[in-house]
Amino acid sequence: MAGEKLSRATVVERALRLGDEEGVEAITIRRLAQELGVTPMALYWHFKSKDELLVGIVDHALASLRADRSAADPWAKQLRAMVEVLVTVMREHPSLPDLMHSVAKDEGESFQRATEDALALLAAGGFGVEEAYWVASYLLHAAIGAVNAQPGCPATVPVDEAPEWRRKKRLMLESLPADRFPMMVAFGATYSRAPDTEHYFSFCVDLIMAAVESMAPDRRNVEA
């Protein structure tokens, strides 16, 4: 009965929040059951194993990752929008990049649909299906890398301790021998302020898409 009262969406949303707050390793059937106030058996109503649960989490999180097939926008603009949505979702859910690496995401319908959409858009740009898949994989992992490498303090550093963390980082870099590491020393000065993360992510998407657009066999319809 408890399993019937719990919706699948409720389970995966709580599991995703648990992962965001405490890390992917915190997501277990037993811990999730405690969080929801039910027995572990109630969760098996929806998911037969932890692996199936993790796939369900990714599938739920990627539900908004789709191309608008009715849009008149060029293929590259639609593909860029998909990359932007992917980056946004992973920024909202810090546990998602790790989950994307560790689970069989291609078993989920959302990922399958997003891949199909991306392949169709890349085909419109002149890529063959095999190369289109390579590009789609590149876009996925480049987006994950961009989120994992975002500038600023590690996620474990409390917000009120960020200025001190940046100060120490700046001192460390600026103390390097300037004759051997002039660029690193110069970079150290950027830690005098909080990073502009919005500019960073916009720049990353531009960088990622520039590579795809420059190699598209049919570049006639790349420009928006």
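Reader: Which residues is Arg14 in contact with, leaving aside its neighbours within four places in sequence?

Author: Contact means heavy atoms within 4.5 Å. Arg14 is in contact with Glu21, Leu32, Glu35 and Leu36. This is a predicted model: local features need pLDDT of at least 70, side-chain atom pairs count only at pLDDT 80 or more, and totals for chains, interfaces and linings use all residues. Residues are numbered from 1 along each chain as its sequence is written, and side-chain values use heavy atoms, with hydrogens and water left out.

Reader: Is Arg14 buried or exposed?

Author: Buried means under 20% relative accessible area, exposed over 50%, partly exposed in between (1.4 Å probe, protein chains only). Arg14 has 12% relative accessibility, so it counts as buried.

Reader: How many salt bridges are there?

Author: Side chains of opposite charge can pair when their charged atoms come close. A salt bridge is a side-chain nitrogen of Lys or Arg within 4 Å of a carboxyl oxygen of Asp or Glu. By this rule there are seven. One of them joins Asp206 to Arg80, with the closest N and O atoms 2.8 Å apart.

Reader: Where do Asp206 and Arg80 lie?

Author: Helices are DSSP runs (H or I, at least four residues), numbered from the N terminus. Asp206 lies in helix α12 (residues 197–215) and Arg80 in helix α6 (residues 75–92), so the pair ties together parts 126 residues apart in sequence. Asp206 is partly exposed at 39% relative accessibility. Arg80 is partly exposed too, at 21%.

Methods:
Helix = DSSP H or I, 4+ residues; strand = E, 2+ residues; numbered from the N terminus.
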